[in-house]
Amino acid sequence: MVSFVIESILRVTNNVILYNIYILKIYHFRNMDPLTETYGLSFYLTYLVHWPEYFKIAESSDGRVMGYVMGKSEGYNEKWHGHVTALSVAPEFRRLGLAGKLMAGLEDVSEKKRAYFVDLFVRVSNDVAVALYKKLGYTVYRRVLEYYSGNSSPMFEQDEDAFDMRKSLSRDPERKSMIPLEKPVRPEDVD
Amino acid sequence: QNNKSDPRERRLKAIYDALDAGNNKKAIQEAEKVLRKEAGDSLCAKALRALALLRYGRLDEATAAASEVERVDTSEESVLQAMTYFYKESHRLDLIAAMYERAVQQQPKSEDLLTSLFMAHVRVLDHKKQQLTAAKLHRLAPSKNPYYFWSVMSVLMQATECGGELASKMLLPLAAKMAEAFRDRMNAEAEVQLYLMVLEMQERFEDCLATLDGPLSSLLSPQSTEMTRQQRMGYLEKLGRKQELADARWEDLTTEPNDWARWQSCIQSSINADISQGGDYVEADPRLSELQSRIDAIAAEHPGLSGPCLARLELMRRCPVSCRPETALSLMRSYFEAFASRPAVASDLLQFRSLLSDTDENSSPAKLLELIRPGLPEWPKAAADADRQQLVRDLTARINYEQLSRGLLNKPMDAEQRNAKVAELIQAYRANLLDGLRPTEVQPADDLLLLAVSLHYDAWLVEDAKQSETHLLQALYLLDEGLSGSPSNYNIMLWMIRLFIALGAWTPASNLYERLDVKQILLESVGFVLSRQVARCGLLSQGLVMLNNTAMFYKNNWRDIVEHLCTAYRIGNFRKVPELVALTDRVSSSLESVFCGLELRHQSLLLSGPNIVEGVYEMGAPPESSSSAESPQPAFDGLVDGRDFRLVREFRSDLLAATADASRLLEDERAWLLYRSLGLRCVSHLTRMATEMASTGSVTKQADAARALKQQLMEQSAGSTGDSLPAFDIEPHPCLPYPACLPAHFAAGSQALLAPAIDYFLNLLPPSTDNSSAGVADASSIDPLLESFDAQLAAVEVINADGGSAATAPVEPLFGQQLQRLSCLCESACLLSLVHELTAVALAGKLAMSKKQRRPYETFCRTVRSRIGDRINRAAAALEALEAVWKAKIGQAWTDADGQEETVGVGGDDGGQPKRRCRAKVDELLCQSRCRCLGEMLNLLRVKARLSETGRAGGAT
C-alpha cells in the first residue's frame, strides 16, 4: 500500500510549532540502487526551497520511503515547461505503478502552472525507464551526446548519451513540443 | 566591461580566474604580484590572498592575512565578498555579520549592504538582529513589501525560538499586528502564508479558515490547492470540528481512493467523530456497520483496489471491539489471494498480525497459511520459452507467501525443518534466475536467497552457536552467489557487510560499502553500518578516512542549510524558513555526527604517532569534545538517532522488536559516547599534566582535575560491569551492532589503563619545596599500568594458543570478537606508548640538568622505556603469530576448490549447498582481510615499539 506524502501543515501545541517536517524525509531516501544518484543536501534543499510543489514522496504502509520525484518549472514562452530532475523507486517496490503515479503528480502541477510540456533526461541504456516513459506518453525528442559523464562505478565507466524525452500538456494540443529533432545535440547546446 | 583596459582590474581578474579554476597556488602568486605592484594597497588582493591561502591549506598564514584585512574598515563590495567566502569556508559565519555591521556604519543608506547584513544575521540565526536590520531596510524603501515581511518573519522566528509568555503575549501579537497592518498591501502568496503562520502560532484557527475563504485567497496559486486543502483539514482538526473534518477526509479520499495515508486519516477521523457524538463503540454498533459499508461502497466503486480491503483491517485494528479474529483471517486471506502476485504484500499484511488469534486454532496465523497455501502457484522454472511476466508474478506470490509465513510464525525452525527450507528456497532461487538482465536490475528471485540467509542467521542466534562461524559462513557463501547474479542488489550487499564484520573482515565490508555509494544524506541513515565498526576492527587508516568524510559532511551541512535559509527569505518562501531552522537543529543534534566526530578524535589521537603531543593540542577543544578536564563532561542529551534499522528487511516481529525501543537504543549509544569522551578527556589531560610538570616540576594545578577524572572513570566502569551488561551480548536484529560496542570494550579492558595512568603521573614527581631536590617516583609506579595491560595481553595470548582455529578453540573463536579484543589491545599499547612519551616530556627539564643530578631520572626513564617497550613487543609478537596462521591459509581455499566437482545429487538436487566457487572466494577474502587487519595493527605496534627502542623519549623534543 502506498501513501503519497503531501507537504503537511504546521501543528501548533502550547505555542511551539511542531512541524511535520517534510524536509527531514530527505534523510529517508534509499538511494542505493545504481541508477539513482545521491546528491549533496544542498541540491535537495534547492528544489525544496524553490519548487516545493514539485517534490513528491511515496511511502509504504509501514512508513518507508518507496520512491520520490523532484522537479522544477523553467523556460520562456512556448518553452515554459515542467522538468523531471529525479525519479526513483526502490527496487523492492517496483511493479506497483508508483513511477506512473509520481509522474502524474508532477504533470498535474505542470498543468496547473500552465506549462506547455514536461521533459526529462534518461540514459539511453536504461531501457526499462525508457519503456516506462513511453508507456506514460513520452517520446524521444532528441538525443544528447555524452550527457552523462563516466564515473568510478564499474557500471558507468563510459560517458553515455541521454534521451531528452517530452510529453505535451493541454496547453500544447498540437504537440508541437514533441516533434523530434533529427540530429543529436551536444550537452552545451541544450537550453 | 569598462574596466577591461584598467590594468589593476585585469590583475585582480587573474586572481579570480585562478581561484575559480581551483588553482590556489597560482592565486596566491597572482595576489602577491598585485600587492608588490601596488605597494600593498589593494585590500581586495589581500582578501583574495587570504582566501587562496585558506583553500591551499596554509591556515596560519591565511588567518594572519585575514586579520590584516579586518583592521581596515571598508564598504568595498569586492573585499566584503571575498571575506564572506573566507569566513564561510573557515566556518566562522559570525564574523560575516560583524564585518557588514562595520561596513553599514560607513554607508548607512546602502540597501545592498543592509541586505547583506540581514542575510549575515540569517546565517547565524540571530532573529532579533534580523528584525532590526529589516526594519532599517523598510525605512529606506517603504514601498518594497519583502523588507517589511522579512521583519514580520524575524519576529515570528523569535517567538518560535523563545516560546512561553514572551511569545504569546508580546512577539506573536506584534507579528500579527504588523501583518494585519499590511493586509491590504499583500500581493504575494508567500505573504498570505506568512500571515497564516502567525495566526497558526496564535492558535487563531477560525481566522485561518476565514483567511482561506476571504479575499486574500485570490493570491494563492492553483498549484497550492492541494496544500490548501490539507491546511483546511488541519485547522478543522485543531478546532475539534470532528464531523466536518471526517466529511472533508472522505471527500479527500475520493480523489485518491488507494492512498493509504488518506485511508488511515479517514478511519481515524470517522471514529473520533462518532465517539465524540455518543460515547465508545459497543459491539454491533450501527455506526460501525455504517462505516464498514462506507468502505465497502468505495471497494465496489473501484474494483481491484487494495486500499479498501486493508482499510477494513485498519478499522479493526483501531477499534478492537469490531474485531473478530475469524473475520480478520478471512479478510487477510482474500487480500492475499487477490494481490499475491504484487510486491510487498507480506509487509502489508504483517502489520495486522495481532488481529489473528494465538489461542483459537481456527483463526490462528498457522490456519491462515494453511488456507492460502493450496492457492499458491507451483514453483516456477525460468526457461527460454517461459512467459516472463507470468513467471515473475508466480515467483512474487511464492516469495510473498514465504515472507508472510516467516513473519506470521515468528519463531525459528528446528534444524531439520530449516535445512529442508533452505534447500527448497535455494533450489527455487537457482531455477528462477532470469537471463539477459542488465547489471543495474535486480533478480526477482533474490528474495528467496535472502530468506535462506535469514534462516542461517536464525540458526546462529538460537543454537547457542554464536561461538561458531559455520552458519555465518554458509550465509555469506549464498550471498556471494546472489551478488554475482544481481550485482546491484543492495539488500544482498548490506547483509554481506554485516556478516563480514561479524567475521572480522573489514576490507570486503568496506569495499561493499563503497560499492553502495553511501555518501551525503545517506551517511545519516546508512553510514552506521560501517562507522560503528571502526572501533572493533582494529585501528585502521581506512576507518579514519571514513570517519573524517562523515565529519566533514556534517560540518558543511550547517553552512549549506543556512545558505538556503537566505534563499528562502530572498524569494519569500516563508513556509520553508522554520523548516530549515528545524533542519539545522536536526543536523547539530545528529547522533551519527557526534559519534563520528568523537570517534575520529579518539582514533587520530591514538594513531598520531610521534606528534602525539602536538596532536592533542592541534585538535584543540571543539565544544562537544570537551577534552579539558575543567569543562564539564558533555551530557550528549537530546541527540537524534537517524539510523535506519529497516535497511535489512526482516519479517519476524520478535527480531524487529529489538529496534522498536528507540530510547533504549539511543541510551546505548549515549553510554558509548560518554565512555569515549571520558577516555579522550583522560588522554588529553595526561598531556596537560606532563606539560605542567615540564614547566613547574610537579603536578599541582592539574591534580584535582585529574583526581576528578579518575573518580569518573571508576564510576563509569562500576556502572558498566555486572549483570546488566553481559560481555558479548549479541543483538538479535540484523541491523544492530553485535555485540553492543560498550560491553565488549569493557570486557576487553580497554579503559582499565586510564586510571593507573593518571595515578602514575600524579606520583611521578612528588611535590617538594625545594625544586632541585625533588625526587623521581620509584620505577615500580608504572606496575599497575603494566599489570592491566598484561591482563589484556593474556586474554589475547589465550586465543593465540589455539591458533585462531574455529574448530578447536573453546573460547571466542568468532574472529570478529577476537579482532575486537586485539583492537582494544592496540588502543592500550598506543596509550602505553603515549605514557612513555609524556614521561620524557615531563622530565625534559630534569634530564637537561648536570650529569650527576640527572642520573636518577635517566635510570627511571630507561626502566620505564624498556618495560613499556617489552610489553608492546609482546603484543606485537602475539599479533604476529596470529597473522602467520592466517597468512598460511591464503590461497589454500582456491587450491582446495580446484579439481573438485560440484556435488549434484539425483535430478540436479544439490540440497541447496553453496557453490564451491563462492566458498573458495569468500574464504579467501576472509583470510586476506584478516591478514590485512592484523598486518596494519602490527605495523602500528612496531612503530610504537620502535619509538620506545630508539629512546625518542630520552631527550627528544
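How many helices and strands does the secondary structure of chain B hold? The secondary structure of chain B comes to 42 helices and 0 strands, where helices (H or I, at least four residues) and strands (E, at least two) are DSSP runs numbered from the N terminus. This is a predicted model, in which local features need pLDDT of at least 70, side-chain atom pairs count only at pLDDT 80 or more, and totals for chains, interfaces and linings use all residues. Residues are numbered from 1 along each chain as its sequence is written, chains are lettered from A and ligands numbered from 1 in the order in which they are written, and side-chain values use heavy atoms, with hydrogens and water left out.

**Chain B as a whole**

- Of the 957 residues in chain B, 55% are buried; buried means under 20% relative accessible area, exposed over 50%, and partly exposed in between (1.4 Å probe, protein chains only).
- Among contacts in chain B with a separation of 6 or more, 71% are between residues 24 or more positions apart, a contact being heavy atoms within 4.5 Å.

**Packing of two helices**

- Helix H18 (residues 325-339) of chain B packs against helix H20 (residues 365-372) of chain B at an angle of about 35 degrees, with the axes 10 Å apart; axes are lines fitted to C-alpha atoms, for helices over the stretch in contact, and angles run from 0 to 180 degrees between N-to-C directions.
- Residues of H18(B) that take part include Leu329(B), Met332(B) and Phe336(B), while those of H20(B) include Leu368(B) and Ile372(B).

**Salt bridges**

- Over all chains, the structure holds 77 salt bridges, each defined as a side-chain nitrogen of Lys or Arg within 4 Å of a carboxyl oxygen of Asp or Glu.
- Asp108(A) and Lys112(A) form one of them (3.2 Å, N to O); they are 4 residues apart in helix H2 (residues 98-112) of chain A and therefore separated by about one helical turn.
- Asp108(A) is partly exposed at 37% relative accessible area, and Lys112(A) is partly exposed at 32%.
- In chain B, Glu424(B) pairs with Lys421(B), with the closest N and O atoms 3.2 Å apart; Glu424(B) is partly exposed at 27%, whereas Lys421(B) is buried at 16%.
- Glu599(B) and Arg676(B) meet in a salt bridge (2.8 Å, N to O). Glu599(B) lies in helix H31 (residues 591-607) of chain B and Arg676(B) in helix H34 (residues 662-696) of chain B, so the pair ties together parts 77 residues apart in sequence.
- Both Glu599(B) and Arg676(B) are buried.
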